[in-house]
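Open the model in your viewer and keep the selection panel handy. We will go from stop to stop, with something to select at each one.

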Number of protein chains: 2
Amino acid sequence: MIPVLEIFGPTVQGEGAVIGRKTMFVRTAGCDYRCSWCDSAFTWDGSAKDDIRKMTPEEIYEELLSVGGETFDHVTISGGNPALLPQLGGLIDLFKEKGISTALETQGSRFQPWFRDISELTLSPKPPSSGMETDIDKLHEILEGTAGQNVSLKVVVFNEQDLAYAKHIHQLFPEVPFFIQTGNDRLDEKDHAKLLVYLASRYEWLINLVMPDSDFKRVRVLPQLHTFVWGNKKGV
Amino acid sequence: MIPVLEIFGPTVQGEGAVIGRKTMFVRTAGCDYRCSWCDSAFTWDGSAKDDIRKMTPEEIYEELLSVGGETFDHVTISGGNPALLPQLGGLIDLFKEKGISTALETQGSRFQPWFRDISELTLSPKPPSSGMETDIDKLHEILEGTAGQNVSLKVVVFNEQDLAYAKHIHQLFPEVPFFIQTGNDRLDEKDHAKLLVYLASRYEWLINLVMPDSDFKRVRVLPQLHTFVWGNKKGV
Ligand code: SF4
Ligand code: SF4
């Protein structure tokens, strides 16, 4: 059984390599990290534990159909850290069988053999501002285990120290498509226009740091697009 | 000689398949279209004709180096319609020789053999609101001539009629990666916060139309990201 917190969509993927892609979302419960700025803390801090449903792959697929109907051919699995769940393999297999492509994001603290069946895998190691430590050996193991696949690295950046960390990761794995993303440190801002202006200014701040830096050449710098549209709302 | 209007960067690619990519820009002069909402009308309306410089590939490359230094490995060629220029082949060859990858966008009214050497080619046929007619046979010819390459289709959408046109194009070429992009019809808005809120609302409008539509599955819906940061400023 898979612990599920949210099933929603279709909506646009707001981040990373397939930003803008029409997708459904399945959000699993549980994380082995406790990032200081986690925007999905409800997946692990106990606040939503009564909402967790233990579901079979078939039940998840049925709910995706009942929510999304005939409108989608792509599902993003997010968390929490879905890589904690060896049993996700059955769901990925079912999606494959149904012709549905899949994206999955994980911080890279665990490898699962079913990573090999993910259409777009994003490894998002966490920078110093998160308060977490990165297991570089594990990143190596995952990247070796998924060689030849569509895998990218993404680092969320809140400050210059985070950007130095991003550079370190990029230099360790120069051949892996690399994304630098602005973080959102205004998770409580309710005024949409204010948040928008702030997030755009943070994106500009990041662009202005990365552009003159010759250690960052083959990189993509992106915001979290969904926050530009829906602010801090969940389930969209 | 290549008629050049702007050389700038590095900055982020604001649109399409490699949105966010660090890139330099070379903007060529001249267009065979006259789109009603063209955001680069100065490339063809005569207003900037005294700024056009006839440059050799070597001169363009030198200027890219002097502006961008060691910070880049990617150049976007935009217009106008750069596909009007058979002589661009020499520049593309020079970039290849220097290890620089290239992106190019054109509306798809002309084919050039050097399309085959573009790393990321975007065909952006113009919807009804532009006032232009699409040559579908030419799109077929270009897509056949660049088969196996990294080519995508992008349609800018201002209204529902444009979206119906986008659907038609997507259905004609279902295998080609397809991008739907919000247009900017407030080219004169100077108030950045106001423009930002407006553009985000237009993006949401487009998402809300595309998401429930089962004829759009494998699609990506994106804004013009650079307008979120720099508004209607040029050369950034
Ligand atoms: S790894 Fe992701 S889900 Fe887990 S605490 Fe960090 S940000 Fe939150
Ligand atoms: S094809 Fe592009 S450059 Fe030419 S008029 Fe249309 S929008 Fe402007």
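Start where the two chains meet. This is a predicted model, and between its chain A and chain B the count of salt bridges is zero. Polar contacts are another matter: the rule finds 22 residue pairs across the interface of chain A and chain B, both partners at pLDDT 80 or more. To see which parts of chain A take part, colour strand E1 (2-12), helix H5 (192-210), strand E9 (219-222) and helix H6 (225-230), each of which supplies at least two residues of the side that touches chain B. H5(A) gives the largest share of that side, eight residues.

Now show the surface of both chains. Chain A and chain B bury about 3100 Å² between them, with 68% of this on carbon and sulfur atoms. Which residues of chain A lose the most area to chain B? Select Lys22(A), Met211(A) and Lys217(A): together they account for 20% of what the chain A side buries. As for contacts, 37 residues of chain A meet 37 residues of chain B.

Is Val12(A) buried or exposed? Its relative accessible area is 3%, so Val12(A) is buried. Show everything around Val12(A), and you will find residues from both chains: beyond its sequence neighbours up to four places away, Val12(A) touches Gly20(A), Arg21(A), Thr23(A), Phe25(A) and Trp230(A), and from the other chain Tyr203(B), Ile207(B), Met211(B) and Val221(B).

Step on to Gln13(A), in the loop between E1 and E2 of chain A. Gln13(A) counts as buried because its relative accessibility is 10%. Apart from neighbours within four places in sequence, the contacts of Gln13(A) include Val18(A), Ile19(A), Phe25(A) and Thr76(A). Val12(A) and Gln13(A) are both listed in an unreviewed UniProt entry under "binding site", along with Gly14(A), Arg27(A) and Ser78(A).

**A second annotated set**

Next, select Trp37(A), Cys38(A), Asp39(A), Gly80(A), Ser124(A), Pro125(A) and Lys126(A), where UniProt (unreviewed entry) also places the feature "binding site". Zoom in on Cys38(A), in the loop between strand E2 (22-28) and strand E3 (53-55) of chain A. Neighbours within four places in sequence aside, Cys38(A) is in contact with Trp44(A) and Leu187(A).

Then move to Lys126(A), in the loop between strand E6 (120-123) and helix H3 (136-145) of chain A. With a relative accessibility of 13%, Lys126(A) counts as buried, because the cut-off is under 20%. Beyond neighbours within four places in sequence, Lys126(A) is in contact with Tyr33(A), Cys35(A), Trp37(A), Glu105(A), Gln107(A), Met132(A), Thr134(A) and Tyr165(A). Look also for the polar contact between the side chains of Lys126(A) and Ser124(A), at 3.3 Å.

**Gly79(A) and helix H2**

Select Gly79(A), in the loop between E4 and H2 of chain A. Gly79(A) counts as buried, at 9% relative accessibility. Residues up to four places away in sequence are not counted here: Gly79(A) touches Arg27(A), Thr28(A), Ser40(A) and Thr43(A).

Follow the chain into helix H2 (residues 88-97) of chain A, whose buried residues are Leu88(A), Gly89(A), Leu91(A), Ile92(A), Leu94(A) and Phe95(A). What covers the buried residues of H2(A)? Among the covering elements of chain A are E1, helix H1 (57-68), strand E4 (74-78) and strand E5 (101-106). After H2(A) comes Gly99(A), with a positive phi near 75°.

**A stop in chain B**

Arg53(B) is partly exposed, at 36% relative accessible area. Draw a distance from Arg53(B) to Val4(B): the two are 49 residues apart in sequence, yet their C-alpha atoms are 5.2 Å apart. Other contacts of Arg53(B), not counting residues up to four places away in sequence, include Ile2(B), Pro3(B), Ile7(B) and Glu63(B).

**Zooming out**

Finish by selecting residues 18-232 of chain A, which an unreviewed UniProt entry annotates as "domain: Radical SAM core". This span is 33% helix and 19% strand, and its end C-alpha atoms lie 21 Å apart.

How values were computed: Residues are numbered from 1 along each chain as its sequence is written. Chains are lettered from A and ligands numbered from 1 in the order in which they are written. This is a predicted model: local features need pLDDT of at least 70, side-chain atom pairs count only at pLDDT 80 or more; totals for chains, interfaces and linings use all residues. Side-chain values use heavy atoms; hydrogens and water are left out. UniProt positions are given in the numbering used here, feature names are shortened, and annotations may be inferred rather than shown by experiment. Helices (H or I, at least four residues) and strands (E, at least two) are DSSP runs, numbered from the N terminus. Contact means heavy atoms within 4.5 Å. Buried means under 20% relative accessible area, exposed over 50%, partly exposed in between (1.4 Å probe, protein chains only). A polar contact is a pair of N or O atoms within 3.5 Å; within protein, one must be able to donate a hydrogen and the other to accept it, and residues adjacent in sequence count only if both atoms are side-chain atoms. Buried area is the accessible area (1.4 Å probe) that two parts lose on being put together, summed over both. A salt bridge is a side-chain nitrogen of Lys or Arg within 4 Å of a carboxyl oxygen of Asp or Glu.
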